[in-house]
Amino acid sequence: MADGKRVLIVGGVAGGASTAARLRRLWEDAEIVMFERGAHISFANCGLPYHVGNTIKERDRLLVQTPEQMRERFRVDVRVRSEVLRIDRPGKTLTVRDLASGREYTEPYDVLVLSPGAEPVRPPIAGADAKRVLTLRSMTDMDAIKRIVDEEKPARAVVVGGGY
């Protein structure tokens, strides 16, 4: 690869953050921008339920890298709460929405890496959309579940699914 290119990475959790770090080591002069729809990047997914259950007491122990650390250590422009809406492959641009402001803008790229992760699946059964039926995929999901556990102290829970 020739140096000086612009690399855009869609997704900032495990795959995206690892790719950004590795690219920086291999390609020192590249401009690297990483977009993450959520509020956090590079967190310990498998530790989420352990924080809910107080086995891991300190929430911050789940954060492997923060956007600030990625900027300082790897010179990666990390944009959290930024949703990629469209890819224009012939024009080599992304359309991005800043979720905090609602502003949409385009970003050009020379190289595009897609690592958007997945969405939890809610089975098509009655009640799956109820307020107390929650998914666990992100730090934000974990915070919502932990808030209910800590404040309401439910006696029972049902876990459906075998992911982390």
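**Figure 1. The largest nonpolar core.** Among the 15 residues of the largest nonpolar core, V7, I9, A20, I32, M34, M70 and V76 touch the most other members. At least two residues of this core come from each of β1 (6–10), α1, β2, α3 (67–74) and β3 (76–80), and α1 gives the most, with three residues. A nonpolar core is a set of buried Ala, Val, Leu, Ile, Met, Phe, Trp, Tyr and Cys residues joined through side-chain atoms within 4.5 Å; buried means under 20% relative accessible area (1.4 Å probe, protein chains only). Helices (H or I, at least four residues) and strands (E, at least two) are DSSP runs, numbered from the N terminus. The model is predicted: local features need pLDDT of at least 70 and side-chain atom pairs count only at pLDDT 80 or more, whereas totals for chains, interfaces and linings use all residues. Residues are numbered from 1 along each chain as its sequence is written, and side-chain values use heavy atoms, with hydrogens and water left out.

**Figure 2. Surroundings of V7.** Leaving aside neighbours within four places in sequence, V7 is in contact (heavy atoms within 4.5 Å) with L23, W27, A30, E31, I32, V33, V111 and V113.

**Figure 3. Surroundings of S42.** S42 is found in the loop between β2 and α2. S42 counts as buried because its relative accessibility is 10%. Apart from neighbours within four places in sequence, S42 is in contact with G12, V13, A17, L62, L63, V64 and Q65.

**Figure 4. The largest pocket.** The space in the largest pocket is about 1,200 Å³. Its lining comprises 32 residues, of which L134, T135, V158, V159 and V160 are the closest to the centre. Both α2 (48–52) and α4 (139–152) supply at least two lining residues; the largest share, three residues, comes from α4. On a 1 Å grid over the protein atoms alone, a pocket is an open set of points where a 1.4 Å probe fits, with protein on both sides within 12 Å along at least five of seven lines, and lining residues have an atom within 4 Å of a point. Grid points are joined across faces, edges and corners, and a volume is the space filled by probe spheres set on the points.

**Figure 5. The second largest pocket.** About 720 Å³ of space lies in the second largest pocket. Of its 33 lining residues, E36, R37, G38, P116 and E119 lie nearest the centre. The elements α1 (14–26), β2 (31–36), β4 (82–88) and α4 each supply at least two residues of this lining, and β4 gives the most, with four residues.

Notes: Buried < 20%, exposed > 50% of the residue type's maximum accessible area, 1.4 Å probe, protein only.
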